Amino acid sequence: MANCLAIVKRKALLYFAANQALIPPLPIAGAPMSRLTFTRWLQQSPVPLPQDLIQTLQITADCCRNISAAIARGALTGMLGQAGSENIQGEDQKKLDVISNDMLLAAHAQGGHLAGMASEEMDDPFPVTTHENSRYLLLFDPLDGSSNIDINAPVGTIFSVLETAPGSNTAEVTPFLQPGTAQVAAGYAIYGPATQLIITVGHGVDAFTLDPDSGEFLLTTSGMMIPEETQEFAINMSNQRHWEAPVQRYVGELLEGKTGVRGKDFNMRWIAAMVADVHRILTRGGVFLYPLDSKTASKGGKLRLMYEANPMAWLVEQAGGAATTGRVRIMDIAPTGLHQRVPVILGARAEVERATGYHA
Ligand code: F6P
């Protein structure tokens, strides 16, 4: 197994080098230059961003562009399928999980603007010691929804940036254990029909689309907003018999549609990649639930707080929505572990408040 992982890692580094060469870093003739580039957006933030944070976000975006290219070539280069290893959560790792993780580690370790990193794919934090004054921490799920890779369905990279005191021991977990309210940036890249980067630094949510010609992320939506009401929900219905009573009641009422207390029909969508389900909600509204159930209760839930729930919760709140566990606001949770899991209900404010109210 270790041997298999070593081969995958070696291929990842080769990929990284190849992708750097294949995607031109600068705009070329014909690119839609009237749109704001991500680089300019970082430089023009209404509240100026510290240089190290700008570099951190720029490197993350560049890396997402390279991950997107690696995914697009996956079937051609034998990069689909299992890596033959498991992550800390006991989940099978895909080759592209490992490759994406290594690409982010390599890019940021070289970049030198971070104090440390933590990832879904690594048991322990990854300290960066290039600059002793670095104070940013990057937490990420390098490839969310990776079971979608082999069927050519959307996947994504989710990230959250925290700040710590320079000189903190980032080989330890403690500096990372901050609530979602302490995030200084959060976002995701979605690798679908188009590659898009969605981000907040606390002034709303903006969306950038990767221009394949220039290799630039260009601003395509500014100020994404989630309508308060919706007629669309997302939940893995196969877990229904394991849910708690409040979620049984909430979803039961959605399913009754016009004939029930809600008085309107609801449609259901489930992409099985949080990044894609949240993207739909940020784009056209809806509510997403991965609630507590008897299968995952002993672990605290299904989704990871630090690099899935927190960044998505902040994006959703910044877009006018809400995000709770059913009992408390997600961003208020004081974390106890790097890989802590929580139940998640997020999206249209009125729906999240109703579902949360049923837990009261
Ligand atoms: O990270 C976990 C994840 O892949 C999420 O992206 C997604 O929402 C969920 O698991 C899918 O879970 P299930 O296998 O229950 O559909």
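**Figure 1. Alanine 322, a buried residue in a predicted model.** Alanine 322 is buried, because 23 other C-beta atoms lie within 10 Å. A residue counts as buried if 20 or more other C-beta atoms lie within 10 Å of its own, exposed if 12 or fewer, and partly exposed in between, with C-beta atoms placed from the backbone. Alanine 322 sits in strand S15. Strands (E, at least two residues) and helices (H or I, at least four) are DSSP runs, numbered from the N terminus. Leaving out residues up to four places away in sequence, alanine 322 touches Val316, Glu317, Leu346, Arg349, Val352 and Glu353. Two residues are in contact if their C-beta atoms, placed from the backbone, lie within 7 Å. Threonine 174 is 148 residues from alanine 322 in sequence, and 27 Å away in space, C-alpha to C-alpha.

Residues are numbered from 1 along each chain as its sequence is written. The model is predicted: local features need pLDDT of at least 70, side-chain atom pairs count only at pLDDT 80 or more, and totals for chains, interfaces and linings use all residues.

**Figure 2. The open sheet that holds S15.** Five strands line up in the order S12-S11-S13-S17-S15, with mixed pairing. Strands S12 (267-268) and S15 (322-324) are at the edges, each with a single partner strand, so one side of each lacks a neighbour in the sheet. Pairing requires at least two bridges found by DSSP between two strands. S11 (residues 232-234) and S12 run parallel, joined by 2 bridges. Here glutamate 232 stands opposite asparagine 267 in S12.

**Figure 3. The hairpin of S1 and S2.** Strand S1 (residues 82-86) pairs with strand S2 (residues 92-94) in the antiparallel sense, over 3 bridges. Serine 85 has glutamine 93 in S2 as its bridge partner. Between the two strands lie 5 residues. In this turn, glycine 90 has a positive phi of about 80 degrees.

**Figure 4. The shell around the ligand.** Which residues are around the ligand? They are Asp144, Gly145, Asn236, Ala272, Ala273, Met274, Tyr290, Leu303 and Glu308. Each has its C-beta atom, placed from the backbone, within 6 Å of the ligand. The shell divides into 5 nonpolar, 2 polar and 2 charged residues. Ala, Val, Leu, Ile, Met, Phe, Trp, Tyr, Cys and Pro count as nonpolar, Asp, Glu, Lys and Arg as charged, and the others, Gly among them, as polar.
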